Amino acid sequence: MEKIQNKVFVTADEGAKFVASEIKSLILEKGKTNKPVILGLATGASPVALYKELVRLHEEEQLSFSNVITFNLDEYFPMSPNAIQSYHRFMNEHLFSKVDIKPENINIPSGMIDMEEISNFCLEYEQKIDDLGGIDIQVLGIGRTGHIGFNEPGSTSRSFTRLVTLDKKTRRDASKDFKTIASVPRKAVTMGVGTIFKAKRIFLMAWGEKKAEILAKAIESNITPLIPATFLQNHPEAVVIMDKAASQDLVRIKTPWLVGDCEWEEQLSLKAVCWLSDKLNKAVLKLTDEDYNEYGMGDLIAQMGSAYELNLEVFRHLRDTITGWPGGKPDTAGQKRPERAHPFPKRSLVLSPHPDDDVISMGGTFIRLIDQGHEVHVAYQTNGNMSVHDEDVLNRLSFTRQFMRKFNFETEHIDEFSSKLKGFFQTKDASSTELEDILEIKSLIRKREAQSAYRFCGVEDENAHFLDLPFYKTGKAEKLKVSKKDIQITKELLEEIKPHQVFVAGDKSDPHGTHKTCLDIFKQAFIELKEEGKDWVKDCWIWQYRGAWLEWPIDEIEMAIPLSPDEVAKKRTAIFNHESQKDGGVFPGDDSREFWQRAEDRNRNTAELYNKLGLPEYQAAEGFKRLYL
Ligand code: F6R
């Protein structure tokens with residue numbers, strides 16, 4: 001099924017290190033004969049880890065770039081090289097300013113040329129590559145449209161460097177760097193598919209589950225201009241480098257029973273049975289030997305004895321994941337339930353990366369835990385101030401001033417403060433650094449909203465913790481590296497509460513990676529406490545929920561909390577407290593639905609999936625998966 005060579009690495013860093021080592025070998029080899037190395041480079045999130053590793057090789061292993069000539073794939077048009085979204089600036093920040101490459105050896109398409117000059121410029125760019133003997137190694141990312149460079153669907157295999165129009169989906173993805181989609185340029189200058197194809201070797205790098213769907217298409221479907229990356233199937237030296245998450249939709253990984261023999265472990269058979277039930281639109285208990293044989297699972301049936309035995313086992317497993325008692329049900333010790341009956345009540349801690357993830361992702365479970373008498377704590381890991389609109393700051397400031405005047409409070413200071421902020425907003429553009437005061441106000445807005453939400457759910461004020469982790473506090477989409485401080489703050493909280501169960505966001509992807517970073521910080525803190533021999537850690541269970549973007553695959557859910565229609569409505573009201581996140585968030589990602597709609601669609605979908613597998617029909621359900629550390 002796979003038509004492009006590919007390598008799957010456990011993490012993106014490992015994949016990037018592999019590509020960096022290939023580049024290093026080439027530089028060393030060509031260095032022996034003093035021949036230049038011609039590299040084709042990409043921008044965006046995918047190559048960041050590669051550039052980091054190349055910089056490390058330069059600094060720690062003295063790898064020299066003095067003999068390297070680079071050609072970048074593309075640049076937005078129009079785009080000043082100094083703008084913060086410009087690819088000129090990106091390359092400088094991530095690579096060129098940190099290695100010893102000669103400025104005259106750097107080539108990046110210009111985003112500033114006059115329209116009449118563009119075709120000449122493109123011809124010359126193409127010619128320059130050819131004159132140097134062609135690109136030795138071309139590095140690529142892949143867009144969710146299947147674009148390579150900015151060759152959007154419809155590009156032909158013989159397209160060369162030219163001005164192109166960006167796809168709507170690409171512009172939506174890029175809006176995270178531009179704040180609004182309207183300010184994303186409509187055009188770009190890009191090397192063509194034909195230009196890329198002339199490279200001697202190509203590494204296409206892709207990380208994370210968001211790339212999984214398009215990667216599977218690029219690698220497995222037939223060549224089509226509708227997915228430009230499929231053209232790489234005809235290149236003899238093109239290799240896709242991906243991490244595990246990005247590989248998850250490949251047939252051999254997603255449905256291995258369709259391509260060969262499998263080692264039928266429990267998790268894999270569960271996955272296969274759920275898949276077959278969905279495929280045939282039949283409840284699990286209705287699947288037959290014939291169904292299994294037809295879809296490559298004959299050996300599984302042989303191992304289990306019969307479809308009847310297997311169906312029953314899977315059905316019982318799924319049934320036992322459903323419970324209305326997320327903190328365990330008292331007096332049921334010995335029964336097969338997702339959570340332990342004892343101790344009861346428990347100390348439960350909900351960790352929420354942003355101030356609204358608690359209610360969006362597990363609002364129903366949150367409310368149940370409180371109603372069932374547990375000591376529920378909630379901790380907001382970051383202040384979430386990046387996703388508050390400037391208008392919200394101005395509106396609240398204006399309200400405060402009017403309120404103060406009405407009740408004859410002294411307004412001199414607030415008037416002064418307010419004109420300072422207004423002046424800033426008037427001159428603010430995408431490259432401005434946010435004022436500290438504005439960030440503070442935005443944090444306050446989010447804190448107030450979180451307070452209303454948790455109070456509505458029934459949490460006591462003394463059980464709400466605002467961690468304000470330092471890694472988040474840059475005022476920019478790009479965050480700081482995790483520091484000891486982040487870990488320490490988290491450890492102190494865990495030590496103070498000594499929870500019996502912790503709920504964490506188990507996401508791998510969100511627009512700026514905050515969920516993933518928050519999870520990493522929690523893991524590190526928990527492991528350190530475990531190593532320090534803290535007693536409570538041994539009895540603490542960790543449940544992962546998923547953020548606003550995705551739900552766990554049904555076969556991975558280990559605890560499903562069903563919600564009644566009333567509970568769904570209550571959860572919605574809790575989410576509504578986050579007013580600043582309604583009516584179009586600052587970073588909506590590629591999903592135009594409001595957060596409460598996403599949550600409801602997803603919880604309804606989970607309930608429907610259970611029902612289709614042959615389990616009871618609930619209004620909605622929230623899914624959790626255990627994490628073992
Ligand atoms: C960048 C480029 C694009 C990106 C692609 C993926 O120079 O040409 O094709 O490689 O859009 O972007 P990221 O890596 O940000 O997901």
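View 1. Thr-323 counts as buried because its relative accessibility is 4%, where buried means under 20% relative accessible area with a 1.4 Å probe and protein chains only. The model is predicted, so local features need pLDDT of at least 70 and side-chain atom pairs count only at pLDDT 80 or more, whereas totals for chains, interfaces and linings use all residues. Residues are numbered from 1 along each chain as its sequence is written, and side-chain values use heavy atoms, with hydrogens and water left out. Thr-323 lies in the loop between α12 (307-321) and β11 (347-352); helices (H or I, at least four residues) and strands (E, at least two) are DSSP runs numbered from the N terminus.

**View 2. Surroundings of Thr-323.** The Thr-323 side chain reaches the backbone nitrogen of Trp-325 at 2.9 Å. Apart from neighbours within four places in sequence, Thr-323 is in contact (heavy atoms within 4.5 Å) with Arg-337, Pro-338, Met-559, Ala-560, Ile-561 and Pro-562.

**View 3. The shell around the ligand.** The ligand is surrounded by 13 residues, each with a heavy atom within 4 Å of it. The closest are Ser-46, Asp-74, His-147, Gly-149 and Lys-211. By class, four residues of the shell are nonpolar, seven polar and two charged.

**View 4. Atoms facing ligand oxygens.** An N or O atom in the side chain of Lys-211 is 2.5 Å from an oxygen atom of the ligand. A polar side-chain atom of Thr-43 lies 2.7 Å from a ligand oxygen atom, and a backbone N or O atom of Ala-45 lies 2.7 Å from an oxygen atom of the ligand. Taken alone, the ligand exposes 410 Å², of which the protein buries 87%.

How values were computed: A polar contact is a pair of N or O atoms within 3.5 Å; within protein, one must be able to donate a hydrogen and the other to accept it, and residues adjacent in sequence count only if both atoms are side-chain atoms. Accessible areas come from the Shrake-Rupley method with a 1.4 Å probe; for residues, only the protein chains shown count as cover. Ala, Val, Leu, Ile, Met, Phe, Trp, Tyr, Cys and Pro count as nonpolar, Asp, Glu, Lys and Arg as charged, and the others, Gly among them, as polar. Buried means under 20% relative accessible area, exposed over 50%, partly exposed in between (1.4 Å probe, protein chains only).
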